[in-house]
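Dear colleague,

Please find below the structure that I am handing over to you. My findings follow it.

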Amino acid sequence: MREARSGVPGWAWYLAGALVYLSFGFTEMMGSDLWWHIAAGREVLQQGSPALVDTWSYTAAGQPWHNHEWLADLLFYGWVSAFAVPSLVIWKWLLIVVTFALLQRALGRWSGNHGAALLASLAAAAIAAPFLDMRPQLYTLLGVAVLLNLCLDRRPRLAELLVLFVLWVNLHGGFIFGLMLLPLLLFPWGDLRREPLQRAALLVFASAAVCLLNPDGVGVFVLPLVYALNSDSP
């Protein structure tokens with residue numbers, strides 16, 4: 001682990017970053033399905049289970065409802081119930097600031113340079129700007145930042161990865177990108193002995209296996225790929 005050193009205290013770098021990250025939260029809401037997510041969270045709470053059937057449409061009425069974002073929807077509804085709809089902007093600001101502050105932390109720890117970590121995190125926020133909408137994909141950005149903190153320049157514990165992925169798979173389908181990133185982070189590039197390779201493989205396998213703990217089982221692995229291969233999907 002490299003120690004980040006400069007004449008500026010560490011908290012000042014994070015404060016500067018937080019102020020700029022916050023500026024990316026002042027955008028017009030683009031997704032029209034926010035209200036659907038809130039209503040879906042209400043449905044999960046009222047039924048007491050994420051395994052629902054479709055009661056909202058005519059052509060698919062009574063069919064199993066494959067809502068892979070049920071936990072995000074439940075959080076949406078809980079937040080609105082507690083703090084009202086306008087307060088969702090605070091939810092958005094908090095997720096954006098925490099996500100990119102965590103990215104800045106991971107990069108600073110890895111590079112040993114606070115300034116470089118801040119600049120790289122700002123570049124990441126700028127690239128991600130079109131997707132910083134009030135939708136569940138913010139949890140995937142947060143998940144990537146948490147994963148980098150767990151794995152970059154350190155050895156993650158199995159329990160940490162299991163908790164991360166069992167939450168992530170029920171928050172947003174972007175968990176699949178976390179599973180794609182995980183082998184790159186865990187691969188023992190400088191030590192190709194059997195033991196480090198076996199440990200990395202075990203962590204990847206266990207992280208993938210825990211993702212089966214969702215209402216759709218193995219089907220949850222297919223849905224993100226369907227979106228990714230759809231030419232009409234952003």
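At what angle do H6 and helix H7 (residues 158-171) pack, and how far apart are their axes? The angle is about 170 degrees, and the axes are 10 Å apart. H6 is therefore roughly antiparallel to H7, a term that applies to angles over 145 degrees. Axes here are lines fitted to C-alpha atoms, for helices over the stretch in contact, and angles between N-to-C directions run from 0 to 180 degrees. Helices (H or I, at least four residues) and strands (E, at least two) are DSSP runs, numbered from the N terminus.

Before the details, a note on the source. This is a predicted model, in which local features need pLDDT of at least 70 and side-chain atom pairs count only at pLDDT 80 or more, while totals for chains, interfaces and linings use all residues. Residues are numbered from 1 along each chain as its sequence is written, and side-chain values use heavy atoms, with hydrogens and water left out.

**Confidence**

The chain has a mean pLDDT (the predictor's confidence in each residue, from 0 to 100) of 91, and 97% of its residues reach 70 or more. Where pLDDT is low, the predicted coordinates should not be read in detail.

**Packing of H6**

On the H6 side, Tyr139, Thr140, Gly143, Val144, Val146, Leu147, Leu150 and Cys151 meet Glu160, Leu161, Leu164, Phe165, Trp168 and Leu171 of H7; contact means heavy atoms within 4.5 Å. By class, this contact has 11 nonpolar, 2 polar and 1 charged residues. Ala, Val, Leu, Ile, Met, Phe, Trp, Tyr, Cys and Pro count as nonpolar, Asp, Glu, Lys and Arg as charged, and the others, Gly among them, as polar.

Helix H6 (residues 137-151) also packs with helix H8 (residues 175-186): their axes come within 10 Å and cross at roughly 15 degrees. H6 and H8 are therefore roughly parallel to each other, which applies to angles under 35 degrees. The contact is made by Thr140, Val144, Leu147, Leu148 and Cys151 of H6, together with Phe175, Gly178, Leu181, Leu182, Leu185 and Leu186 of H8. It comprises 9 nonpolar, 2 polar and no charged residues.

**Positive phi values in loops**

Asp153, in the loop between H6 and H7, has a positive phi of about 65 degrees although it is not a glycine. Asp153 is partly exposed, with a relative accessible area of 29%. For this quantity, buried means under 20%, exposed over 50%, and partly exposed in between (1.4 Å probe, protein chains only).

Ala84 is placed in the loop between helix H3 (70-83) and helix H4 (88-111). Phi of Ala84 is near 80 degrees, again a positive value in a residue other than glycine. The relative accessible area of Ala84 is 37%, so this residue is partly exposed.

**Two further residues**

Leu34 lies in helix H2 and is buried, with a relative accessible area of 1%. Not counting residues up to four places away in sequence, Leu34 touches Met29, Phe76, Leu88 and Met134.

Ser49 is found in the loop between helix H2 (34-47) and strand E1 (52-53). Ser49 is partly exposed, with a relative accessible area of 26%. The C-alpha atoms of Ser49 and Ala128 are separated by 33 Å, and the two residues are 79 residues apart along the chain.

Yours sincerely

How values were computed:
Angles under 35 degrees count as roughly parallel, over 145 as roughly antiparallel, 65 to 115 as roughly perpendicular and the rest as oblique.
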